[in-house]
Structure formats: C-alpha cells, structure tokens
Amino acid sequence: ACELAAQAVAEVGRTGERWWEAEAHRIRGELLRAAGQEREALASFERALACASRQQARLWELRAALSLAQTGPMKEREMRARTVLQPLLAHFTDGVDLAELQQARQLIAHAARSRPATVRRP
C-alpha cells in the first residue's frame, strides 16, 4: 500500500495534475504511520500541509493538519493542535460542521485541558 501511495505522489510530478497532491502525501503519511514509520509519516504530513497551504485548499490543509496533530509524542501532538489546527479553524465559516472540523475542535480542546497552568508570582 505504501508503494501505491508513493506511486501516486510520483504520478503528480509526472502529469503535473496537482489538485490532489496534498491528499496523496497525507494518505502516504497515514500508511507510513500505520507501518510504524512515524518520522517518515511526519515528513509526508508536513509536505501535505505545505502543498495544501500553497494551493489554499483548506479542506486538504485541515486533513493534513489533523494527521500531523495525531502523530508523535503526546506533547508534540498537543502543541501541533494549538499551533497548526487552531489557526485553520478560522478559515471555516459558522454552520459548517464537517467531521474533520469536529475532530479538530476535540483535539484543540484536549490540548487546552492538558496545558499546564501558569504560575503567578507575587
């Protein structure tokens, strides 16, 4: 399956059809993560996010950010939820209730709950 995803990414380069490039990188990342190759998965998710951002393809960008925010150690995932996912939510108008948006809100809420309280000094 990873080979097929790699072929899909290569096909983007060969044909120049870039409208699904970000999603091809994201899917490849999901397959790599499932195979236990988190470092390579992170790289694929970051490529997907950069590509979607460049194309202003907000749904692909959200999906890539979700995948990125669900990979790696918990502290890194929480940080990505706050820094990558949260700004993306502003691009979606009220009334839009995609499953991806619900998932993003849940990840951000979890990250906010686990954030350590700041210590006030007198």
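In the predicted model, helix α2 (residues 21-34) packs against helix α3 (residues 38-55) at an angle of about 165°, and the two axes lie 8 Å apart. Helices here are DSSP runs of H or I with at least four residues, numbered from the N terminus; axes are lines fitted to C-alpha atoms over the stretch in contact, and angles run from 0 to 180 degrees between N-to-C directions. The helices α2 and α3 are therefore roughly antiparallel to each other, a term applied to angles over 145 degrees. The crossing of α2 past α3 is left-handed, meaning that the near helix is turned anticlockwise from the far one by less than a right angle.

On the α2 side, the residues in contact are E21, A22, H25, R26, R28, G29, E30, L32 and R33; on the α3 side they are E40, A41, S44, F45, R47, A48, C51, A52, R54 and Q55. Contact denotes heavy atoms within 4.5 Å. By class, this contact of α2 with α3 comprises seven nonpolar, four polar and eight charged residues; Ala, Val, Leu, Ile, Met, Phe, Trp, Tyr, Cys and Pro count as nonpolar, Asp, Glu, Lys and Arg as charged, and the others, Gly among them, as polar.

Seven salt bridges are present in the structure, each defined by a side-chain nitrogen of Lys or Arg within 4 Å of a carboxyl oxygen of Asp or Glu. A network of salt bridges links E23, R26, E30, R33, R63 and E100. Among these residues, R63 and E23 pair through their side chains at 2.8 Å, N to O. R63 belongs to helix α4 (residues 58-69) and E23 to helix α2, so this pair ties together parts 40 residues apart in sequence. R63 counts as partly exposed at 24% relative accessibility, whereas E23 counts as buried at 9% (buried, under 20% relative accessible area; exposed, over 50%; partly exposed, in between; 1.4 Å probe, protein chains only).

R80 is buried, with a relative accessible area of 10%, while E76 is partly exposed at 36%.

Residues are numbered from 1 along each chain as its sequence is written, and side-chain values use heavy atoms, with hydrogens and water left out. As the model is predicted, local features need pLDDT of at least 70 and side-chain atom pairs count only at pLDDT 80 or more, while totals for chains, interfaces and linings use all residues.

Technical notes. Helices (H or I, at least four residues) and strands (E, at least two) are DSSP runs, numbered from the N terminus. Angles under 35 degrees count as roughly parallel, over 145 as roughly antiparallel, 65 to 115 as roughly perpendicular and the rest as oblique.
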